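These are my notebook entries on one structure. I record what I looked up, in the order in which I looked.

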There are 2 protein chains.
Amino acid sequence: MKALVFDVFGTLVDWRSSIAQQAQKTLSPLGFETDWSAFADAWRNEYQPAMERVRSGQRSFCKLDVLHRDNLDIVLSRMGWESVNEATRSHLTLAWHHLDAWPEVNQALLRLRKKYLLAPCSNGHIALMVNLARHNNWHWDAITGAEIAKDYKPQAVVYQASADALGCLWAETTMVAAHSSDLEAAKEAGLQTAFIARPNECGVGLGESKATTPVDFEASDLNNLADLLEC
Amino acid sequence: MKALVFDVFGTLVDWRSSIAQQAQKTLSPLGFETDWSAFADAWRNEYQPAMERVRSGQRSFCKLDVLHRDNLDIVLSRMGWESVNEATRSHLTLAWHHLDAWPEVNQALLRLRKKYLLAPCSNGHIALMVNLARHNNWHWDAITGAEIAKDYKPQAVVYQASADALGCLWAETTMVAAHSSDLEAAKEAGLQTAFIARPNECGVGLGESKATTPVDFEASDLNNLADLLEC
């Protein structure tokens, strides 16, 4: 094994709390009030359907900012918040560039980097990953993922393009994620897989605590993965 | 200005000394002897013609390792060193992944990174850039350049794709290089430009000490650029 490539939303960062906080901070002063965690969930719920239109060929590949913006418009419309102006919508779309890491992530990435090449393999585009890395002080060897593959996970080409970009064989590369569906696809694409438990990703008890697909490594958090890999 | 993107071969690393040393280390024990700096020059001289076949559409885009290997075969053949075996040729091709930085580069990159996003914009592919960064202990925000643009500099798309990937406008991005031709193309592509003097790149006095094209910044070395940019 030479490289680890990472899912980011949910696996490395707590998107739900971060989006809820940023949405409240942006919209509450304008007089809008709601359950902000539910707002984050509603926005995130449009994520897979939007990508599916790209994966199915119905829409050509675009950066995730474009889908996040479209999805925000859908959510605001559904809530009857049509009066939120263009500048506010643009600003809020960039909230996904500033998500906080789960508590143990930074220390664990430092440990893992001593032994392996590290890169995100996310559906987020390069600029979004660059900004998340700056926000959380991460040191990636490269930014891989959807933008270099020009398609979205779980398409096999995204995992394979990440390994290829790092100059590693697929079997020398381990996909790290908190979602069994992501890991199942990565394994089918020829990579090794490591599951990270995030039992509270979508709210208390609303995340995966155990892999529901066979994986090569199963860890309670990212430091535990570093333990298992003897880093 | 938000981002700096860098030429690497010659601008950040001393390819000539590094290749001469590694070629000698690999081939001398096998009984081959020559002027190793001249060997490095001969190998490098095949670089532009090989890329030109890609730029002109005569050959489809490939990673630079493939061109470096083809070029090595040409040089070995010309020297009558046909007996160098496959494993040695493959090993030597990877010498370009382990080139030493010019002395001030590491300190200067740390200074520049405090104020700007930093990425290579090289004709080297992602894996080569990843290995050079590990070899020299650099921290890039992303790896941009030929591989994400699927073409070679000085094609405009390579410079533009680097800025796009970082989420910056072309005019917010500065191309940093020791070669006037690279900077002339970057400026035509819409980027700002910074020249770094490397008067000894190809041997004593055989490098550019002054830009021969209009540039936005002209520096004696990378620390001097950091001074000019008040980093």
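Predicted model: local features only at pLDDT ≥ 70, side-chain atom pairs only at ≥ 80, totals over all residues.

**Entry 1: a helix in chain B.** Which residues are buried in helix α10 (residues 180–188) of chain B? I found B:D182, B:L183, B:A185 and B:A186 to be buried. Viewed down the axis of α10(B), the buried residues fall within an arc of 160°, so they line one face of the helix. I next asked what covers the buried residues of α10(B). The cover includes α9 (156–165), β4 (173–177) and β5 (192–196) of chain B. Just after α10(B), I noted a positive phi of about 110° at B:G190.

**Entry 2: the sheet in chain A.** I traced the strand order in chain A and read β3-β2-β1-β4-β5-β6, an open sheet of six strands with parallel pairing. At its edges stand β3 (144–145) and β6 (217–219) of chain A; each has a single partner strand, so one side of each is left without a neighbour in the sheet. I then looked at one pair in detail: strand β4 (residues 173–177) and strand β5 (residues 192–196) of chain A pair in the parallel sense over four bridges. Within this pair, I found A:A194 in β5(A) to be the bridge partner of A:V176.

**Entry 3: one residue of helix α9 in chain A.** I placed A:Q160 in helix α9 (residues 156–165) of chain A.

Entry 4: How is chain B superposed on chain A? I recorded a rotation of 180° with 0.0 Å of shift along its axis, at an RMSD of 0.0 Å. The two copies are thus related as by a two-fold rotation axis. Of the residues of chain B, B:A142 comes closest to the rotation axis, with its C-alpha at 2.7 Å. Finally, I compared the interface residues: 100% of those of chain B are also interface residues in chain A, so the copies meet through the same surface.

Conventions: Residues numbered from 1 in each chain as written. Chains lettered and ligands numbered in written order. Helix = DSSP H or I, 4+ residues; strand = E, 2+ residues; numbered from the N terminus. Pairing = 2+ DSSP bridges. Buried ≥ 20, exposed ≤ 12 C-beta atoms within 10 Å, placed from the backbone. Arc of directions from axis to C-beta. Contact = placed C-beta atoms within 7 Å. Least-squares fit on C-alpha atoms with pLDDT ≥ 70 in both.
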